[in-house]
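Hi everyone, thanks for coming. Today I'd like to walk you through one structure, step by step, so please have a look at it with me.

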Amino acid sequence: TTSKTIPLPQLGLKEIKINPKDISASLKIDSIGLKYSNKEKSLLVQRTSGDVYYSKINPKNLQKTHPLLIVVQILLSLIIALGFYEISNLKKRFRKKNWLSTIKFIIYEKEHWVFWLMFICALGVFSFWLLGQWPGAATQDSFYQLYQTKSLVLEDPHPYLHSLYMLALMQFYNSFASIAIFQIIAISFLGSYIFYFVSKNGLKFYLILPFFFAFIFSVPIGLFNITIWKDIPFSLLVIFWSFYLFYLGFQKKKRNPVQFSLKKIFLLSFLFILMVFIRHNGLMYLFILPLIILASRLMETKVLIKFMLFSAVLFLIFNSLVPYVFKIQPWSKKETRLLWKINPLVEMMSDKYYFSPQKSQDREIVEKIVDPENLKKNLGWELALYTNPINIKNEDIKAFDRLFYERVIQNLPLYLSYRTQILLDMLFPRIGTWGNSYLN
């Protein structure tokens with residue numbers, strides 16, 4: 001006998017349906033209770049053809065507000081308000097007499113029309129991907145994070161900051177489409193501005209066009225724009241910082257260094273820390289980016305100090321304060337250590353060309369980490385569904401680590417071929433799943 005607590009979405013639920021599927025024969029549910037914001041209530045069990053229904057939920061008694069949701073909505077409102085404030089200052093910033101001349105300057109003058117033309121073309125082409133795959137492309141990872149945005153119980157296997165990013169965008173429209181639309185607008189704007197910048201600074205437009213067309217008609221870019229993964233905003237931030245560092249160096253070489261207001265420094269610090277936290281391996285940029293700025297002298301010393309101070313404060317907020325206040329569950333270090341190694345190793349072991357002087361022993365080591373029953377039901381990427389890492393012995397982890405590195409070295413061509421296949425699958429998906437022969 002065991003009990004399980006599952007956070008429910010912050011929605012007006014009227015009915016709960018549980019479908020045990022394969023385990024319906026062995027699973028017996030004795031009771032279920034619903035915990036409201038101020039009380040608990042047992043619900044009536046009704047069974048229908050294998051499904052288990054629990055109904056008679058009063059949505060008015062469910063908790064409708066949540067501190068995390070309130071904070072996200074307040075911050076989102078502030079960002080929108082600041083955006084409108086900046087727009088209202090454009091006439092003054094561009095020193096125009098009226099709004100008509102301001103709009104004309106923004107859209108047409110100084111060859112701005114080149115940027116807007118490229119932006120509209122990119123936006124139009126990328127939008128067709130979304131129209132064909134509405135409301136976006138999603139995987140198990142996407143739905144895992146969607147559940148977190150609905151239950152408002154955050155964990156960190158996928159960075160919690162990306163779940164907050166999804167939660168904020170879905171305040172506009174409760175669908176994956178709101179995230180996909182934002183990503184399409186962001187990459188269209190950023191890519192078009194980079195091409196416009198190159199054109200404005202001397203490169204002939206006809207030389208830019210082939211690269212622009214390659215950009216907007218790229219299959220991976222078009223697909224990833226509508227994919228609900230943490231990789232997409234992370235990639236956008238990496239592209240932004242790559243261009244911005246080049247821009248700083250370019251302006252420095254022209255003896256026209258960029259001027260930094262306190263507002264601009266804070267915004268750059270926020271984008272920097274966002275890149276660090278929105279994907280786990282973004283942490284390496286925490287050291288790389290400041291070193292590049294420092295070594296290349298892209299910022300004055302005073303500006304760099306302010307940038308680092310703002311970044312340090314934001315780092316502490318996102319790394320410590322937010323997880324503490326909202327009780328965000330960190331990802332197990334054992335999971336972090338094992339997850340990226342399990343699939344490649346089992347894929348190699350499933351291949352007929354796999355070399356090992358002791359295949360049976362390899363299997364024994366792996367099955368102390370990976371649950372064999374889950375292997376029978378979940379193939380491909382689902383091989384990562386192993387037994388609870390807390391119950392795995394440290395000596396078994398060390399044996400698995402040794403096995404992984406030894407077999408990768410001994411089967412390097414095989415390992416590289418599987419890693420390459422992942423990239424090829426983005427363009428030419430295969431039928432079937434990986435690792436089938438492991439179970440034979």
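Let's begin with pLDDT, which is the predictor's confidence in each residue, from 0 to 100. The chain averages a pLDDT of 80, and 76% of the residues score at least 70. A word on how to read this: it is a predicted model, where local features need pLDDT of at least 70, side-chain atom pairs count only at pLDDT 80 or more, and totals for chains, interfaces and linings use all residues. Residues are numbered from 1 along each chain as its sequence is written, and side-chain values use heavy atoms, with hydrogens and water left out.

Where does pLDDT stay under 50? One such stretch is residues 378-390, and residues 429-440 are also below 50. Where pLDDT is low, the predicted coordinates should not be read in detail.

Now to the inside. Buried means under 20% relative accessible area, exposed over 50%, and partly exposed in between (1.4 Å probe, protein chains only). A nonpolar core is a set of buried Ala, Val, Leu, Ile, Met, Phe, Trp, Tyr and Cys residues joined through side-chain atoms within 4.5 Å. Which residues touch the most other members of the largest core? Among its 43 residues, they are Trp241, Phe260, Phe272, Met275 and Phe307. Helix H11 gives this core its largest share, nine residues. Helices here are DSSP runs (H or I, at least four residues), numbered from the N terminus.

Next, salt bridges: a side-chain nitrogen of Lys or Arg within 4 Å of a carboxyl oxygen of Asp or Glu. The structure holds six of them. In one, Lys263 pairs with Glu86, with the closest N and O atoms 2.6 Å apart. This pair links helix H11 to helix H1, across 177 residues. Lys263 counts as exposed because its relative accessibility is 53%, while Glu86, at 32%, counts as partly exposed.

Compare that with Asp362 and Arg407, whose side chains meet in a salt bridge at 2.9 Å, N to O. Both Asp362 and Arg407 are buried. Arg407 also meets Glu406, at 3.6 Å, and Glu406 is partly exposed, with a relative accessible area of 41%. Through shared partners, Asp362, Glu406 and Arg407 form one network.

Finally, Arg407 sits in helix H17. The expected span of a helix is 1.5 Å times one less than its number of residues. The 17 residues of H17 (394-410) should therefore span 24 Å, and its end C-alpha atoms are 24 Å apart, which agrees.

Technical notes:
Helices (H or I, at least four residues) and strands (E, at least two) are DSSP runs, numbered from the N terminus. Contact means heavy atoms within 4.5 Å.
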